[in-house]
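Have a look at the picture, then read on.

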Amino acid sequence: MTDISSPNSTSGRHIATDLFTDQPSLIGSRCSNCGEIYFPIRSSCSQCSSENLERENLGNQGVLWSWTIQHYMPKPPYNSGETKDTFTPYGIGLVEMPSGVKVKTRLNVNQAKALNIGDPYILALKPFRTDENGDSILTFVFDREIG
Ligand SMILES: [Zn+2]
């Protein structure tokens, strides 16, 4: 379904459940025993083996910790709807969130000269592909925070 009332809004089905909210904000989990934080959500803690983890709002801002550029189309199950001829290289980063957890993410930047470790980044939602019904499927990306 297309939302014609706000053509600039990003709407669509999430690429997976329990990764992010519409605001957007990332969803992780925090171990109630030792405090370790994870993204994505986990059911047990690798630090203390506790299975007592709670949902944790990880926020929408972080700092670029490391990056690379994906220059060729990944093998399946990667399914962006692109072909080898239409594939657009994209950045991949580790973004450190305020809680300290590092999130592996697609970046909305694909030029090496524009990628600087330590730069502030902000979460956004981006159409990844359309499904068989023509509906947009959204994924999360981090983009440079300007200003
Ligand atoms: Zn733990």
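## Ground rules

Two residues are in contact if their C-beta atoms, placed from the backbone, lie within 7 Å. This is a predicted model, so local features need pLDDT of at least 70 and side-chain atom pairs count only at pLDDT 80 or more, while totals for chains, interfaces and linings use all residues. Residues are numbered from 1 along each chain as its sequence is written.

## How confident is the model?

pLDDT is the predictor's confidence in each residue, on a scale from 0 to 100. The chain averages 92, and 93% of the residues score at least 70. Residues 1–8 are another story: pLDDT stays under 50 there, and the model has two contacts beyond four places in sequence for that stretch.

## The chain as a whole

Helices (H or I, at least four residues) and strands (E, at least two) are DSSP runs, numbered from the N terminus. By that count the chain has zero helices and nine strands. Its C-alpha trace spans about 45 × 40 × 35 Å along the principal axes.

A residue is called buried if 20 or more other C-beta atoms lie within 10 Å of its own, exposed if 12 or fewer, and partly exposed in between, again with C-beta atoms placed from the backbone. Buried residues make up 20% of the 147 residues. Of the contacts with a separation of 6 or more, 53% are between residues 24 or more positions apart.

## Who pairs with whom

Strands of a sheet pair through backbone hydrogen bonds, either parallel or antiparallel. Here, two strands pair if DSSP finds at least two bridges between them.

Strand 5 (residues 61–70) runs antiparallel to strand 8, joined by three bridges. Seven bridges tie strand 5 to strand 6 (residues 90–96), also antiparallel, with Leu 64 partnered by Val 95 in strand 6.

## A closer look at Pro 120

Pro 120 is found in strand 8 (residues 120–130), where Val 63 stands opposite Pro 120. Not counting residues up to four places away in sequence, Pro 120 touches Gln 61, Val 63 and Glu 145.

Is Pro 120 buried or partly exposed? Pro 120 is partly exposed, because 13 other C-beta atoms lie within 10 Å. Glu 132 is 12 residues from Pro 120 in sequence, and the two are 36 Å apart in space, C-alpha to C-alpha.
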